[in-house]
Each structure stands twice: as structure tokens, then as C-alpha cells.
Amino acid sequence: MDSKSIKCGLFLITLTGACMMAGKEVHAEDAVRNQLQFPTVGVEALMGDSMMSDPMIKRNIVIGDYLIQGNKGEYLDMGFSNVEEDSFLYIRSEASKESEWLGKLYKDQAVVIKGPIDEWTKIESGSVTGYVKTEFLTVGYAAQGKAQEILKEKGEFLYAESKEEEKERLAKEAQIKAEEAKEAMSAAINSGAAVVDYARQFIGNPYVWGGTSLTNGADCSGFVQSVYANFGVSMPRTSREMRNAGRAVSYSEAIPGDVICYEGHVGIYVGDGQIVNAIDEAHGIGISSATYTNIITVRRLI
């Protein structure tokens with residue numbers, strides 16, 4: 001390539017970058033931020049006699065026309081996604097936002113420039129090759145600075161995730177969550193069973209209004225509060241306040257150890273449709289039907 005072509009190419013790149021920045025509409029599904037950066041060159045150095053004497057200038061400037069290779073420019077064939085932390089940039093099959101998306105680039109992920117810099121740029125990142133909106137890429141000399149910044153901070157570049165890779169990742173994450181939920185439920189059941197076993201020890205002890213003693217007497221909320229205190233769980237004092245303790249579950253999901261709240265009463269679910277509770281002065285602490293009256297809420301504490 002002769003010096004005349006290089007000068008013309010550099011001028012067009014600078015001019016194209018300036019034009020692309022003005023009045024560009026941002027499409028939400030392709031990214032959220034506009035910060036296109038190109039190598040800075042002096043206009044005086046580009047506009048010479050060759051520019052004036054050669055009106056036939058190519059409009060399709062390939063990346064090799066301005067990317068300088070060498071020790072100081074080793075990352076200039078790279079680009080980096082310029083989007084917000086909680087957003088991403090689609091990689092599409094064609095240079096159109098209506099085309100199929102093949103992958104996603106998240107903040108500061110790396111690409112290799114494979115085609116002309118225009119409104120859309122062909123790139124390769126990870127296993128994905130396609131087109132991205134150029135306005136959401138950091139390229140040229142700015143890309144070298146970004147590359148050095150990323151390597152200093154993270155020690156490596158991160159690349160795009162293909163649609164297939166995303167699907168596989170999400171499936172694995174869902175499986176892990178399901179297994180964690182199963183383990184949590186098993187732990188809750190075991191813990192709840194321990195709560196029930198402890199509470200059952202006090203069946204037959206007296207009901208005392210305002211009491212919190214599991215041996216000398218407790219009312220309904222005092223009983224629940226004292227049982228859970230044994231497991232290091234702090235509970236409110238009244239049955240009304242206990243309606244907001246822990247987290248709500250439906251009665252159909254109730255497991256041993258859950259606290260069932262009624263109007264003016266509360267008890268601990270033991271399973272099989274029963275609760276252990278401080279019933280009244282006539283019955284003391286005992287077992288009752290969990291559905292003896294309307295249930296207001298079921299609370300899970302462990």
C-alpha cells in the first residue's frame with residue numbers, strides 16, 4: 001500500500017469515527033452505551049496533495065489499513081465491549097439487529113476485529129464469529145490501553161458466550177440451584193424434626209398466661225419463643241408479631257418445625273396435620289389439630 005492510500009485511509013477512518021458518533025440511535029437490545037473510540041491522527045498530516053489530487057477514494061477501509069503491529073501495538077487488532085455492568089452486546093449473524101443473535105458480549109469482554117469498521121463490525125470472540133454494533137466497541141489505540149488495564153486488573157481476557165454455551169450454563173446453574181434447594185429442604189426437615197422432638201418433651205406441662213417457662217408454665221407464644229430460643233433463634237413475644245417471623249410458606253408446604261399462626265394463637269407443626277402448642281389452662285401443653293381453626297400464615301424459621 002503506497003503512502004497516498006495510507007493517508008487517505010487514515011483520514012476516512014477519523015472522519016467516519018466522527019460521523020458515527022453524531023446522532024446515533026442506541027438500540028436497547030444491542031447495548032446501552034455509546035463510546036466509540038478510534039486512533040487519533042492529525043488532520044493536517046492526512047490532508048495533503050494526494051488527498052486533493054485523487055478523488056477516487058475507497059470507502060471500505062479494512063482494519064489492516066490502520067492497525068499498527070509491533071511491540072507497542074500488539075493489541076490494536078482487538079476490541080472490547082463497551083457496555084454497562086448489567087448489560088450485554090449481541091453478536092449477530094448478519095450486520096442487522098433483525099438478524100439472529102449468536103452470542104453475547106458482557107462488559108469489557110475481548111474480540112478480534114475480522115472485518116471493516118463501519119456501522120457494524122465483524123468480530124471473533126471465543127467460539128463466536130459475527131457482527132456487533134461498532135458504537136459499542138472500544139477499538140484502535142484505545143483498545144491497547146483497555147487491554148493493558150484488563151490484564152493488570154484480571155490477568156486475562158474474557159470472551160463472548162455463544163447461545164449454546166449460555167443455554168448449557170443456565171441448565172447447569174438451574175441444576176445446581178435445584179440440588180441446593182433439595183439439600184436446604186433436607187437440612188430444614190432435619191432441623192425442624194429436632195425442634196419438634198425438643199418441644200414434645202414438655203407435653204403435659206402447665207399453661208400459664210404470660211409465662212415463658214417450658215417446665216413451670218408458658219402461654220402459646222411463650223412456648224414457641226422458648227422452644228426456638230433453645231436453637232439460638234430469636235422470636236417475637238406475641239403471636240401477632242410471630243406472623244412476620246422467618247419467611248412465609250403455604251400450609252401444603254409445611255414441614256415439622258414450621259410455626260403456624262392463628263388469630264390469637266400459635267403452635268409448632270409436628271407433621272401429619274398436627275401442632276404441639278400451649279393450648280389453654282385446662283389442657284396445658286399438648287397436641288392439637290393444625291386446622292382446628294383458620295390458619296393465618298405458616299412461618300419457616302430454619
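View 1. Strands here are DSSP runs of E with at least two residues, helices are runs of H or I with at least four, and both are numbered from the N terminus. Two strands count as paired if DSSP finds at least two bridges between them. As a reminder, strands of a sheet pair through backbone hydrogen bonds, either parallel or antiparallel.

View 2. Strand 13 (265–271) is mostly covered, with seven of its seven residues buried. Buried means under 20% relative accessible area, exposed means over 50%, and partly exposed is in between (1.4 Å probe, protein chains only). On one side, strand 12 (residues 259–262) pairs with strand 13 in the antiparallel sense over four bridges. Look for Val259, whose bridge partner in strand 13 is Ile268, and for Tyr262, whose bridge partner there is His265. The hairpin of strand 12 and strand 13 has two residues between the strands, and Gly264 takes a positive phi near 80° in it. Strand 13 also pairs with strand 14, again in the antiparallel sense, over three bridges. Ile268 turns up here too, standing opposite Val276 in strand 14. This hairpin likewise has two residues between the strands, and Asp272 takes a positive phi near 55°.

View 3. Helix 5 covers residues 163–200, and its 38 residues should span 56 Å at 1.5 Å a residue; the end C-alpha atoms are 55 Å apart, which agrees. The expected span is 1.5 Å times one less than the number of residues. Buried residues of helix 5 include Glu166, Ala188, Gly192 and Tyr198. The buried residues of the helix pack against strand 3 (101–105), strand 8 (161–162), helix 6 (220–229), strand 13 and strand 14 (274–280). Contact means heavy atoms within 4.5 Å.

**View 4. Helix 6, a covered helix.** How much of helix 6 is buried? Eight of its ten residues are, so helix 6 is largely enclosed by the rest of the structure. Among them are Cys220, Phe223, Val224, Val227 and Tyr228.

View 5. Trp209 is found in the loop between helix 5 and strand 9 (212–213). Buried or exposed? Trp209 is exposed, with a relative accessible area of 70%. The C-alpha atoms of Trp209 and Cys220 are separated by 8.4 Å, with the two residues eleven apart along the chain. Phe88 has its place in the loop between strand 1 (78–81) and strand 2 (89–92). With a relative accessible area of 22%, Phe88 is partly exposed. Phe88 and Lys107 are 19 residues apart in sequence, yet 6.6 Å apart in space, C-alpha to C-alpha.

**View 6. The whole chain, and where to be careful.** The protein chain has six helices and 16 strands, and 43% of its 302 residues are buried. Its pLDDT, the predictor's confidence in each residue from 0 to 100, averages 81, and 75% of the residues score at least 70. Over residues 1–29, pLDDT stays under 50, and the model has 52 contacts beyond four places in sequence for them. Residues 32–72 also stay under 50, with 84 such contacts. Where pLDDT is low, the predicted coordinates should not be read in detail.

**Notes for all views.** Residues are numbered from 1 along each chain as its sequence is written, and side-chain values use heavy atoms, leaving out hydrogens and water. In this predicted model, local features need pLDDT of at least 70 and side-chain atom pairs count only at pLDDT 80 or more, while totals for chains, interfaces and linings use all residues.
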